[in-house]
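User: I'd like a close look at one part of this protein, the aromatic ring pairs. Could you walk me through them?

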Amino acid sequence: MDFNFGYNGSENFAIGQQYGFFPAFSGAWNVSEETFIKENMPWMNMFKIRYSWGKVGNDQLKIGNDLERFPYLYTISGISSVYRWGDYGVDRNYTGLRYSQVASPYVTWEMAVKKNLGFDLALFKDKVIANLDFFDEKRTGIYMERRYLPSLVGLESTPRANVGAVKSRGFDGRLEYKGKLGEVNLTGRSNITYSKNEITTIDEENNVYGYQNQKGYRVDQAVGLIALGLFKDYDDIRNSPKQTFGTYQPGDIKYKDVNGDGVIDDGDRVAVGATRRPNLIYGVGASASWKNLDISVHFQGAGKSTFFTYGKTVYAFSEGEWGQVMKGSMGDNRWISADISGNPATEDPNASYPRLSYGPNPNNFRESTFWLRNGQYLRLKTVDIGYSLPKHLANRIRANSIRFFVIGSNLVTWSKFKLWDPELASPRGEDYPLPKSFTFGVNVNL
């Protein structure tokens, strides 16, 4: 059992808010050391149960990516405009000063309480090793702007306060196996991490529709309209709720009236999918060696991730003739009028892409489930094949060992998303993809 604490102060806060008390403790029980385990389960080399609890603080406060120093101090700057005070026969122009940032004297530490329950297991003379950790974290006092104060308060800047709270929980695991099949040495290994967070407190206005509040959803939760496919014809348009995003016609995206008011507008935007950052990360690998030959492979994967696609690479001709349109979004399964194609089957309300248009299309080019993509993937990350010269041959050139190898990286990716690398989770597809590479080499140990 261990216990420790810290009583820390920070110059970043005002007097009276500078100090925080941060205790922590941890304990473990190695069950495999008990007599009843040793006598009845000799194949269990280790079974340890761990628990830890700790409270930590953060004084490196940020708004966006900008680090903020001394928020308890106000900032004064000059007024760019002028006011005129005239004497008879003389014009005089004056500037003044204003509070460019109001002081926030009660800002203090961001707090996080972290809990962890862990298990360590080793079996059959360490041939099987497993680790599993369940974690829970609650962050409170998150530093945020107070953006929704009424204008009658008379502030020209937004004050800061510790008003946010987020909880997250998940698990992290690892499994390894070492064995032998005849003369072949085998090793298998895997790891997995799952984490999900939820906003429990945030400075936001009271929305008319509760489903549009950020509270109760993930941090950076995807939000958009729910697409019901494409308008089949003008009768379909006349019999559907009115959409307020500019003119539209058959072949354009049809949206769901979530609040039932007979109009499709921003009040129908809801939480959809997950977040760009995967909630699930995992890997699987194996290696084998036989005499002087060895090989290892590693697979990497991610899940519970979604992202919107947009921009000129997906919205064909949305910026006129400018841009490199992705091949898959240009003509594969796009809604096409029968007057153009000569085939009524091309007027498919379930087509993957709406009718082709030139320039901006406010109805089609907006965040919705129509453009929401699944970011899960499985990638053959590396393959390493090597051959080591017999030791007596290596010794002839005064070397302890010589190994020739070839390594392949990012060889194959399996994903439902095909336009570009899903690991990038890029909305526009304009980022440089991960390169596929092959490396040939030799390791000489003298």
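Is phenylalanine 171 buried, partly exposed or exposed, and at what relative accessibility? Please put that residue in context with its ring partner.

Analyst: Keep in mind that this is a predicted model. Phenylalanine 171 comes out at 27% relative accessibility, so it counts as partly exposed; the cut-offs here are under 20% for buried and over 50% for exposed. A search of the whole structure turns up 23 aromatic pairs. One of them joins phenylalanine 25 and tryptophan 53: the ring centres are 6.0 Å apart and the planes sit at 20°, so this pair is stacked. Phenylalanine 25 is partly exposed at 33%, and tryptophan 53 is partly exposed at 24%.

Now back to your residue. The rings of phenylalanine 171 and phenylalanine 134 have centres 6.4 Å apart and planes at 55°, so they make a tilted pair. Phenylalanine 134 belongs to strand S11 and phenylalanine 171 to strand S12 (residues 160-181), so the pair ties together parts 37 residues apart in sequence.

Elsewhere, ring pairs link up Tyr315, Tyr353, Phe365, Phe370 and Trp371 as a cluster. Rings meet charges too: arginine 366 has its charged end over the ring of phenylalanine 245, 3.8 Å from the centre, and arginine 69 does likewise over phenylalanine 70, at 4.5 Å.

Terms used. Residues numbered from 1 in each chain as written. Predicted model: local features only at pLDDT ≥ 70, side-chain atom pairs only at ≥ 80, totals over all residues. Heavy atoms only, no water. Phe/Tyr/Trp six-rings, centres within 6.5 Å; stacked < 30°, edge-to-face > 60°. Buried < 20%, exposed > 50% of the residue type's maximum accessible area, 1.4 Å probe, protein only. Helix = DSSP H or I, 4+ residues; strand = E, 2+ residues; numbered from the N terminus. Lys NZ or Arg CZ within 6 Å of the ring centre and 35° of its normal.
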